[in-house]
Amino acid sequence: MKQDLKVEAVVIPVSDVDRSKKFYEDLGWRLDADFAFDNGFRVVQVTPPGSPASIQFGTRITSRRPGTAEGVYLVVSDIAAAREQLAAAGADVGEVFHPEAPGAQFGQVPDGQAGGLAADRASYGSFAAFRDPDGNTFLLQEVTTRIPGRVDSTSTTYASVSDLAGALRRAAAAHGEHEARDGGAHDENWPDWYAAYLVAEHHGDELPR
């Protein structure tokens with residue numbers, strides 16, 4: 001039987017564990033663990049809201065220089081709202097941008113980034129970045145519709161209430177257009193239509209019209 005291999009945690013290097021712990025807790029990230037041992041090893045684990053994977057840091061946990069973690073992705077359904085939330089919590093978040101050259105979201109392609117959302121607010125196309133106190137960088141990426149094949153075909157799940165709410169808003173807007181095309185008549189089967197839309201959007205399939 002083929003075994004699942006699930007990313008559980010990403011280790012980042014920090015210089016001051018308590019400072020980092022406070023920073024991430026202030027962002028509203030859940031504190032899962034803070035274990036210290038007599039040999040100087042300490043591990044702290046925090047989890048971003050709605051994330052199935054966590055972030056770990058501590059002492060005697062990595063040989064990497066503090067601040068050298070780059071491009072840790074945080075996927076969001078509404079990048080403007082996520083950026084505003086992080087900024088309100090004290091994070092120094094850059095402006096929303098979109099890459100005009102492949103890979104420009106990582107900041108290594110000169111003049112490859114353009115300000116503002118991606119054209120037509122394309123899924124996977126809009127980014128914003130922020131750093132923790134050591135300079136470890138995180139990338140917010142707006143994803144609303146997954147590329148086919150990138151989700152479990154047997155399930156449709158949402159990581160948070162806000163993700164589900166965003167999907168329902170998009171479904172409501174699309175259903176309004178559906179009713180308008182149908183002469184404006186009330187669609188009594190709207191729950192079925194919404195369900196079909198949510199599943200299709202989540203799996204990257206053709207959306208109902």
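Modeller: Glu84, Gln85 and Ala88 are exposed, on the face of helix H2 turned away from its buried side. Exposed stands for over 50% relative accessible area, buried for under 20% and partly exposed for what lies in between, with a 1.4 Å probe and protein chains only. Helices (H or I, at least four residues) and strands (E, at least two) are DSSP runs numbered from the N terminus. The model is predicted: local features need pLDDT of at least 70, side-chain atom pairs count only at pLDDT 80 or more, and totals for chains, interfaces and linings use all residues. Numbering runs from 1 along each chain as its sequence is written, and side-chain values use heavy atoms, leaving out hydrogens and water.

H2 covers residues 79-88, and its buried residues are Ile79, Ala82, Arg83 and Leu86. Seen down the helix axis, these fall within an arc of 100 degrees (taken from the directions from the axis to the C-beta atoms), so they line one face of H2. An α-helix has 3.6 residues a turn, so residues three or four places apart point the same way. The buried residues of H2 pack against strands E5 (72-76), E8 (127-131) and E9 (137-142).

At the N-terminal end, H2 is capped by Asp78, with a side-chain oxygen 3.2 Å from the backbone nitrogen of Ala80. Just after the helix, Gly90 has a positive phi of about 110 degrees.

E3 pairs (DSSP finds at least two bridges between the strands) with E2, residues 30-36, in the antiparallel sense over six bridges. Val43 is the bridge partner of Phe35. The hairpin of E2 and E3 has five residues between the strands, and Gly40 in the turn has a positive phi of about 90 degrees. E3 also pairs in the antiparallel sense with E4, residues 54-59, over five bridges. There Val44 stands opposite Phe57. Six residues lie between the strands of the E3 and E4 hairpin, where Gly50 takes a positive phi near 80 degrees.

Technical notes: Contact means heavy atoms within 4.5 Å. A polar contact is a pair of N or O atoms within 3.5 Å; within protein, one must be able to donate a hydrogen and the other to accept it, and residues adjacent in sequence count only if both atoms are side-chain atoms.
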